[in-house]
Amino acid sequence: MVQHGLEQVKHITAKVHDTVDYLDSSDARLKRFGELVSQYNLKERKLVLECKTRWNSTYDMLDCAIKFRKVFPRYALHDHNYKFCPQDDEWEKLEKVLRILQVSKNVTNIISGSEYPTSNLFLSGVRKIKVMLDNKVESPDEFVRDMVQYMKQRFDKYWSECNMVMALGALLDPRFKMKVIWVTFPQLFASHNASENINMVRDVLYQLYSEYVKMHHSSSVEESEECGLVCSYNDDDEESGMQELLDIVSSGEMVEPLKSELDTYLNDGLYNAQESKFDVLAWWKEKYMKYPILSKLATHVLAIPITTVASEATFSAGDRVIDPYRASLGPETVQMLICTGDWCRALHGVKRKNKNVDEAKEIFIPVPSKES
């Protein structure tokens with residue numbers, strides 16, 4: 001979708017790339033450009049030179065350059081060798097494309113971040129893109145309408161089926177519960193598919209909960225037997241019904257309360273989070289005593305990533321290369337090394353560094369001195 005949007009302004013992108021590269025190739029040009037920026041009292045002091053294999057760097061380059069759209073024509077009057085200045089109508093097209101692509105960039109950063117967000121964040125991000133495309137497809141601007149129409153077709157193709165992880169993750173956010181799919185599914189799917197998908201998600205949630213109930217009861221019985229908590233009995237136990245009750249308990253056929261944990265969770269009011277960044281895993285940890293079974297289910301579902309590709313690779317249009325040393329390792333060894341590395345970084349508060357050498361180049365515009 002993003003590549004299609006950038007394709008519509010590739011000739012403008014080429015001009016901006018050549019402009020930034022031209023200014024960066026000479027300190028004198030960059031200094032003169034900085035003087036003109038100061039005359040316009042602009043606070044921005046940075047240009048970005050894209051890495052062509054990473055579309056987020058292209059977005060950053062265009063986003064930074066558009067802030068100097070009034071300065072570039074002025075600079076062209078002072079430097080007759082500068083031939084790459086975009087026209088006013090080209091800047092307008094670029095601005096329209098950036099407003100659309102900004103949503104995709106922000107959502108991609110969230111769902112593919114290196115911090116691995118919980119799955120309750122996915123549905124809101126996908127819905128945000130869908131709503132944006134639906135609003136823009138009715139735009140009176142023919143350029144925007146044609147571009148968004150194609151992007152919307154691609155979106156509907158990829159998201160025509162209900163993503164169960166995304167739906168369950170949102171349901172297990174106490175701020176939303178069932179209301180989140182009542183609101184979002186009619187926007188994501190056609191009217192007849194929306195109701196079917198809502199019922200399907202609810203059925204899957206109850207089926208999954210039933211599986212966890214069975215596992216919980218089985219593990220409870222095993223722990224009781226291991227700890228010697230299954231009481232001995234005598235002949236009087238059989239007459240009093242004690243043996244029958246012990247047989248039921250030991251076989252895992254425990255009687256469920258009239259209202260399950262899942263029903264209680266869904267029927268309780270929505271949680272009103274006051275904190276700016278809500279930690280859904282911490283909430284379920286606090287509610288473990290109230291929802292011992294459902295909390296285990298929630299932590300397992302919320303930990304499922306919607307994608308196994310990190311944001312750096314998502315943005316990249318180039319191939320991901322594994323060096324010969326890592327290629328010789330077995331899959332289990334690689335997994336253990338990555339897991340151990342993540343634990344060590346988390347323990348010492350060290351963030352993962354991106355090893356890609358193909359990065360965008362930040363160019364800082366010099367501030368002219370008062371003497372000059």
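In this predicted model, the charged end of R29 sits over the ring of Y22, 3.9 Å from the ring centre. Y22 also belongs to an aromatic cluster. Ring pairs link Y22 with F33, F68, F72, Y75, Y82, F84 and W91.

Aromatic pairs in the model come to 17. One of them joins F185 and F189. Their ring centres are 5.2 Å apart and their planes meet at 80°. Planes over 60 degrees apart count as edge-to-face, so F185 and F189 form an edge-to-face pair. Both F185 and F189 are buried. W283 and W284 also pair, with ring centres 5.0 Å apart. Their planes stand at 90°, so this pair too is edge-to-face. W283 has a relative accessibility of 8% and therefore counts as buried. W284, at 1% relative accessible area, is buried as well.

Helix packing was examined for α2 and α4. Helix α2 spans residues 10-24, and helix α4 spans residues 55-65. The two axes come within 10 Å and cross at roughly 75°. The helices are therefore roughly perpendicular to each other. On the α2 side, the contact is made by T13, V16 and H17. On the α4 side, T58, M61, L62 and A65 take part. Four of the contact residues are nonpolar and three are polar.

How values were computed:
Residues numbered from 1 in each chain as written. Predicted model: local features only at pLDDT ≥ 70, side-chain atom pairs only at ≥ 80, totals over all residues. Heavy atoms only, no water. Axes fitted to C-alpha atoms, helices over the stretch in contact; angles between N-to-C directions. Helix = DSSP H or I, 4+ residues; strand = E, 2+ residues; numbered from the N terminus. Parallel < 35°, antiparallel > 145°, perpendicular 65-115°, else oblique. Contact = heavy atoms within 4.5 Å. Nonpolar A, V, L, I, M, F, W, Y, C, P; charged D, E, K, R; others polar. Phe/Tyr/Trp six-rings, centres within 6.5 Å; stacked < 30°, edge-to-face > 60°. Buried < 20%, exposed > 50% of the residue type's maximum accessible area, 1.4 Å probe, protein only. Lys NZ or Arg CZ within 6 Å of the ring centre and 35° of its normal.
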